[in-house]
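Here is a short briefing on one model.

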Amino acid sequence: MFVVCKRRMANEKINNLRNGYSAYAETEELIRLMKRRINSNNLDIYEDQTDIGCWFIPRS
């Protein structure tokens with residue numbers, strides 16, 4: 001069984017956003033971490049919240 005580190009996963013997704021790729025988060029914890037990192041890095045991101053997760057899409 002693999003243990004997934006949510007903080008590391010959030011960091012990898014933020015790096016993808018910085019490189020112009022969109023990212024998807026399924027869990028509330030990961031969504032919260034992503035939003036916190038997006039705000040602290042002043043990234044211009046569009047958030048598309050759905051019933052099963054959240055898409056983060058760079059606006060540039």
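Contact here means heavy atoms within 4.5 Å. By that cut-off R7 touches L33 and R37, leaving aside residues up to four places away in sequence. This is a predicted model: local features need pLDDT of at least 70, side-chain atom pairs count only at pLDDT 80 or more, and totals for chains, interfaces and linings use all residues. Residues are numbered from 1 along each chain as its sequence is written, and side-chain values use heavy atoms, with hydrogens and water left out.

**Helix packing**

- Helix α1 covers residues 6-18 and helix α2 residues 28-40; they pack at an angle of about 50 degrees, with axes 9 Å apart.
- That angle makes α1 oblique to α2; under 35 degrees counts as roughly parallel, over 145 as roughly antiparallel, 65 to 115 as roughly perpendicular and the rest as oblique.
- Axes are lines fitted to C-alpha atoms, for helices over the stretch in contact, and angles run from 0 to 180 degrees between N-to-C directions.
- Helices (H or I, at least four residues) and strands (E, at least two) are DSSP runs, numbered from the N terminus.
- The crossing of α1 past α2 is right-handed, meaning that the near helix is turned clockwise from the far one by less than a right angle.
- On the α1 side, K6, R7, M9, A10, N11, K13, I14 and L17 make the contact. From α2 come E29, L30, L33, M34, R37 and I38.
- These residues of the α1 contact with α2 divide into eight nonpolar, one polar and five charged.
- Nonpolar covers Ala, Val, Leu, Ile, Met, Phe, Trp, Tyr, Cys and Pro; charged covers Asp, Glu, Lys and Arg; the others, Gly among them, are polar.

**Nonpolar core**

- The largest nonpolar core has 13 residues, and L17, A25, M34, I38 and F56 have the most contacts inside it.
- Such a core is a set of buried Ala, Val, Leu, Ile, Met, Phe, Trp, Tyr and Cys residues joined through side-chain atoms within 4.5 Å.
- Two or more residues each come from α1, β1 (23-25), α2 and β3 (54-58).
- The largest share, five residues, is from α2.
- F56 touches, among others, L17, A25, M34, I38 and Y46, not counting residues up to four places away in sequence.

**Single residues**

- Buried means under 20% relative accessible area, exposed over 50%, and partly exposed in between (1.4 Å probe, protein chains only).
- R7, in helix α1, is exposed at 53%.
- N11, also placed in α1, is partly exposed at 37%. Its C-alpha atom lies 8.0 Å from that of M34, 23 residues apart along the chain.
- N42 sits in the loop between α2 and β2 (45-49) and is exposed at 69%.
- Phi of N42 is near 55 degrees, a positive value in a residue other than glycine. Most residues other than glycine have a negative phi.
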